[in-house]
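Please look at the sequence and the model below before reading on.

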Amino acid sequence: MTHTVSLSRLMLTDFRNYAQMSLTLDARHVVLTGENGAGKTNLMEAVSFLSPGRGLRRAVLADVARADGAGGFSVFAEVEGMEDTVGIGTGIDASEESTARRLVLNGTQARTVDELTDHLRVLWLTPAMDGLFTGPSSDRRRFLDRLVLSLDPAHGRRASDFERAMRGRNKLLSEGRFDRTWVDGIERQMAALGIAMALARQEMLGLLSRLIGEQITDDGFPSAQLTLSGFLDGELEGPAIDLEDRYAGLLAEGRNRDAAAGRTLEGPHRSDLLIRHIEKDMEAERCSTGEQKALLVGLILAHAKLVANLTGHAPVLLLDEIAAHLDSGRRALLFDRIDAIGGQSFMTGTDRSMFDALGSRAQFLTVSHGAITMG
Ligand SMILES: Nc1ncnc2c1ncn2[C@@H]1O[C@H](COP(=O)(O)OP(=O)(O)OP(=O)(O)O)[C@@H](O)[C@H]1O
């Protein structure tokens, strides 16, 4: 049985084009319609700040604060969450020097943003992700890591610790300091973190692939075959300690090469996510724009289902302009699929009639110049 996690209240202060906004919601889906530039995506971005990281635009926090405001911003949400009802407040104060946002849970300062994951998981799909299959591998790695993060909150910390250790190694090598014990120590640390990262990614992809395999249908949303490549390909099996030894060995062997290159050439930071369209048996990057979009939608919805199955709680989904290029039949199927995940989804569009097939399954909101009206 999947429980619905839903926002029952959302309040914004000086968030992008919202000076003050307060919204009361029920657990149904939320459809936001309005003209271009009205503030639909901004509202979704505010909801994305209820998860760790920099939100769906990967914004610099100072840019989020309303241009004519005092320099700070806040987002407050009441969430019927995974544990209980929780009040979540986040933002930055105008006077704060820090670039990190503050996070308050039920009135108490949280230690880390990872604590958010105890209450809700937020996943999103935005038009900015349309180039995922054709863009640089760093985009796919980030996408992959967000998928892992929504199942394994420790993944983010592991990745940032790995980055830090790697920068330390690069610096030592570039300065020609091959002090054995020092470099050995950093490489052992990189090996432990790097293998843990690779295994977490592989495990998530295994679970997701199995779920996709079980739900292959011919409803117009293609299925993705997902493969990890670029780091210990085909070797990520057996005890983790053996894999760590193998990776530490590769790092030690590669010191001269990496010193010359000025960076570490072997590691999970070089992985790529290879995606194929199963029904067409074709690499995603060679599929048409429409096929790529459908593939991405299918992938996000399958992942949402996986999160729901594994945690027992459906994630909150932010689907920006998801129905834009679909005919009415496809749209109705899409809404059924979204609804079947069992959670609350936020969807945007310019035209309300595009969402007619949702009927009473959604609450409809009109957005105009940073203000919201129901209906
Ligand atoms: N920090 C900020 N302060 C004030 N306004 C901002 C800030 N950041 C962005 N905006 C404005 O917010 C407006 C709404 O943007 P948003 O992306 O939410 O529009 P939208 O309703 O999703 O439109 P579209 O249908 O075109 O995607 C834009 O006009 C943008 O210039």
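Predicted model: local features only at pLDDT ≥ 70, side-chain atom pairs only at ≥ 80, totals over all residues.

Residues are numbered from 1 along each chain as its sequence is written.

The protein chain holds nine helices and 15 strands, where helices (H or I, at least four residues) and strands (E, at least two) are DSSP runs numbered from the N terminus. Of its 375 residues, 41% count as buried, a word used when 20 or more other C-beta atoms, placed from the backbone, lie within 10 Å of the residue's own, while exposed stands for 12 or fewer and partly exposed for values in between.

Around the ligand there are 17 residues, the closest being Asn36, Lys40, Thr41, Asn42 and Ala67; a residue counts as near if its C-beta atom, placed from the backbone, lies within 6 Å. Helix 1 (40–48) and helix 2 (61–64) each give two or more residues to this shell, and the largest share, three residues, comes from helix 1.

The UniProt annotation "binding site", from an unreviewed entry, includes Gly34 and Glu35, although such annotations may be inferred rather than shown by experiment. Glycine 34 is placed in the loop between strand 3 (29–33) and helix 1, and glutamate 35 lies in the loop between strand 3 and helix 1.

| Residue | C-beta neighbours inside 10 Å | Class |
|---|---|---|
| Glycine 34 | 22 C-beta neighbours | buried |
| Glutamate 35 | 12 C-beta neighbours | exposed |
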